[in-house]
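Please examine the sequence and the structure shown below. A set of questions and answers then follows.

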Amino acid sequence: MSMLMDNNRSVALGKLFGDRTHSLPSGITSVCSAHPLVIEAALRRGAAENSVVLIEATCNQVNQEGGYTGMTPADFRRFIEDIAARVGFPVDDIILGGDHLGPNPWKRLPAEEAMQRAELMVTAYVEAGFEKIHLDTSMGCAGEPVALEDELTAARAARLAKAAEQAARPTGRRAPVYIIGTEVPPPGGATHALDVLEVTRADAAVRTLAVHRAAFSDAGIEAAMERVIGIVVQPGVEFGNANVAIYEPDRARSLIGALEHMPGLLFEAHSTDYQPSDALSSLVDGGFAILKVGPGLTFALREALYGLDAIAAVLAGKMLSDPLVATMESVMLDRPEHWKAHYHGTAEEQRLQRHFSYSDRIRYYWPDPRASAAVADLFDRFDADIPETLISQYLGRISPGVVSKEVLPRPRELCLAMIDAALEPYSAATAPRNIRT
């Protein structure tokens with residue numbers, strides 16, 4: 001990597017971090033989740049590393065109408081800050097971001113109506129103190145093509161950025177930074193089996209910047225363009241229901257070279273869940289300094305919960321009458337709207353996907369009262385330390401930490417440890433280090 005590209009990263013990360021740090025890391029993990037245990041695990045790791053934590057909410061998850069979590073942006077901020085207070089993490093070291101902010105939640109409506117709602121959403125995010133705004137207007141609305149031309153995408157992104165700028169002025173807070181991009185992977189992973197992904201062309205990335213610069217100028221918000229810190233591109237990284245496309249640096253070499261022509265910018269990599277450690281490090285070294293992860297963390301949590309469910313059955317000496325797995329199956333069948341369009345195949349194949357897909361659509365159901373009650377009941381079934389041998393059998397990923405006494409053999413701590421194990425490769429990939437040239 002050239003010194004120019006390394007300087008690009010430093011400039012962009014400096015705008016993101018503001019005055020929170022004197023020594024910039026090589027990159028940063030973007031935790032995209034609304035599960036309280038995932039948030040707690042991320043903040044615990046941040047506290048242990050004395051690092052800033054970036055947490056992002058998506059447009060479908062959190063918006064002015066509540067999203068599927070029932071939270072507005074202001075609600076989400078309070079939710080995060082309450083967890084931070086509980087674990088003793090300084091709220092000033094939390095960066096809140098809005099992911100895929102655009103018309104996507106209302107894309108079945110006519111474009112003008114969808115964009116008006118998107119403007120209200122972006123305004124609500126900025127007024128709530130979200131500092132990192134990903135503008136995603138790449139999808140068509142009612143009567144439009146599925147994917148839009150770059151110029152229209154950029155014009156709509158500029159319209160939302162203008163709403164964000166207007167919302168920021170009265171708050172007295174630092175003006176937001178922006179992520180743009182017209183080749184945006186689908187939120188939450190692909191819905192089909194993956195073969196070979198097409199890597200974004202270098203000229204397409206450069207053109208993305210050019211058309212957005214023109215659109216921001218036309219909208220009269222040139223100053224906002226100076227706070228665009230990154231572009232979402234496809235480096236050849238994705239996950240489907242049953243497989244993962246692993247990053248191959250050589251395939252992205254030309255794309256990485258495009259950063260030479262985009263001073264002060266970095267790339268943001270979406271869908272990095274389940275990538276091996278060396279792939280994550282290679283992404284950061286190549287200029288993909290923001291690594292987004294979400295389903296991979298709740299996938300690890302689900303592994304922990306299902307492992308505990310199995311351990312409870314073993315300790316009881318029989319199958320429980322109402323195990324967690326059965327409860328979750330019932331909840332998902334009763335409310336199929338979050339998985340039906342994403343899982344395909346035979347009834348048996350769909351059943352396996354509901355519980356074990358990499359896309360982890362089950363994450364939408366943990367807030368359901370029946371699911372919450374089932375998890376609470378599962379935790380209550382353990383009135384003593386869980387035997388190490390059963391942890392080794394069903395939660396082997398974190399067994400060494402239990403043996404070494406670093407992880408308490410209790411249900412909640414085991415769940416947090418499983419999430420932390422999924423976060424650890426991201427910390428290694430983004431930590432300060434000498435960049436390979």
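The model is predicted, so local features need pLDDT of at least 70 and side-chain atom pairs count only at pLDDT 80 or more, while totals for chains, interfaces and linings use all residues. Residues are numbered from 1 along each chain as its sequence is written, and side-chain values use heavy atoms, with hydrogens and water left out.

Reader: How far apart are the end C-alpha atoms of helix α6?

Author: Helices are DSSP runs of H or I with at least four residues, numbered from the N terminus. The expected span is 1.5 Å times one less than the number of residues. Helix α6 covers residues 202-218, which are 17 residues, so it should span 24 Å. The end C-alpha atoms agree with this, being apart by 25 Å.

Reader: Which residue with a positive phi follows α6?

Author: Phi is near 75° at the residue that follows α6. That residue is G220.

Reader: Which backbone oxygen does the side chain of H212 reach?

Author: The side chain of H212 reaches a backbone oxygen at 2.9 Å. That oxygen belongs to T208.

Reader: With which side chain does the side chain of D150 make a polar contact?

Author: D150 lies in helix α5, residues 150-168, and counts as buried because its relative accessibility is 19%. Not counting residues up to four places away in sequence, D150 touches T182, R207 and V211, where contact means heavy atoms within 4.5 Å. A polar contact is a pair of N or O atoms within 3.5 Å; within protein, one must be able to donate a hydrogen and the other to accept it, and residues adjacent in sequence count only if both atoms are side-chain atoms. At 3.4 Å, the partner of the D150 side chain is the side chain of R207.

Reader: How many charged residues does the lining of the largest cavity have?

Author: On a 1 Å grid over the protein atoms alone, a cavity is a set of points where a 1.4 Å probe fits but cannot get out, and lining residues have an atom within 4 Å of a point. Residues lining the largest cavity include E131, R173 and R174. Asp, Glu, Lys and Arg count as charged; Ala, Val, Leu, Ile, Met, Phe, Trp, Tyr, Cys and Pro as nonpolar; and the others, Gly among them, as polar. By class, the lining has 4 nonpolar and 2 polar residues, and the charged residues number 3.

Terms used. Helix = DSSP H or I, 4+ residues; strand = E, 2+ residues; numbered from the N terminus. 1 Å grid on protein atoms, 1.4 Å probe; cavity = no way out; pocket = protein on both sides within 12 Å on 5 of 7 lines; lining within 4 Å. Buried < 20%, exposed > 50% of the residue type's maximum accessible area, 1.4 Å probe, protein only.
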